[in-house]
Amino acid sequence: MKKKVFVARAIFPETIARLSEYFEVDANSDDRNLTREEFCDRLGRAHGVFLAGERVDAEAIAGAPLLKAVSNMSVGYNNLDLPALRERGIVATNTPDVLNETVADFGWALMMCAARRVAEADRWTRKGAWSGWSYDMFLGGDVHGSTLGIIGMGRIGRAIARRAVGFNMNVLYYNRSRCPVEVEREVNARYVAKDELLKNADHVLLVLPYSPDTHHTIAERELQLMKPTATITNIGRGGIVDDDALLDALIDKRIGAAALDVFENEPRFNPGFLTLDNVVLTPHMAPASEFTRRRMADLAAENLIAALGEGVNAGHPPNIIDV
Ligand code: DGY
């Protein structure tokens, strides 16, 4: 008899077809946001689950006696209670690497959008406010030749740093641990303390995962250190920035602008951001190129198939989360 797999959100038909080769698939094909009860109920009948960030905690695990594998279609996994999964011997997997360049592109797009006021100018132009030239229309900060501060120098941070070479930027980075010298040389970045980075960067880019250790890496104190013209871009995770403190800094113009793809409590976020022109808001879409989404879906499917003992990698999923 085929094992049962629950696919928590709509996904490419090809992914469902691939999973169906091995499993009986219970797919949330109409992509309705399931209630927690519905989610736990369907999880409770599954041997494996394909997730797009849904919370799998001790309570959900306790109600899922058959569960053997949890496949996250994301590199981040702060939605998973890893100790609780480990205790039950449930394999957890994610989709690293395949999204690095696409997320780096998007971080760059957001940073430029914030620095050069692109979204604000677009809104203004659409509403018919453009009546002619003026010397101070949408003056912003340069990106080329400026100082970029990257907080979180993992694979995505490095991809961002590599792009900075073409913009002739001075790149500073801060990370939990310093990168090997060869990496620093390759990406042309200098390791500094977090406070030094914040004081000197014209553009700060956050690429950290969320954990209790990274909670509010940027809060009131850190924002006070930044230049009044600086931009801050968060493509890491909600919760690494204290969004309320950021909102206050933007209102008071203590920093220049922000660009946010991730938020505390997303998909809800502080509505105060909507009242400001110096912030760019996007709905957690950094990996959303067609090519990369497909690669993430393929990898998440492969991980699940292997974790449930099927396919060419049976028993050896390529991306076990092992922390
Ligand atoms: C990831 O893969 O973690 C991205 O942030 C999408 O969730």
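Rings of Phe, Tyr and Trp (its six-membered ring) are said to pair if their centres lie within 6.5 Å, and such a pair counts as stacked when the planes are under 30 degrees apart, as edge-to-face when they are over 60, and as tilted for the rest. By this rule the structure holds seven aromatic pairs. One of them joins phenylalanine 6 to phenylalanine 39, a tilted pair with 5.7 Å from centre to centre and 50° between the planes. This pair links distant parts of the chain, since phenylalanine 6 sits in strand β1 (residues 4-7) and phenylalanine 39 in helix α2 (residues 36-43), 33 residues apart; helices (H or I, at least four residues) and strands (E, at least two) are DSSP runs, numbered from the N terminus.

The model is predicted, and local features need pLDDT of at least 70, side-chain atom pairs count only at pLDDT 80 or more, and totals for chains, interfaces and linings use all residues. Residues are numbered from 1 along each chain as its sequence is written, and side-chain values use heavy atoms, with hydrogens and water left out.

Phenylalanine 6 counts as buried because its relative accessibility is 0%, and phenylalanine 39 counts as buried at 5%, where buried means under 20% relative accessible area, exposed over 50% and partly exposed in between (1.4 Å probe, protein chains only). Elsewhere, ring pairs link Tyr173, Tyr174 and Tyr191 into a cluster.
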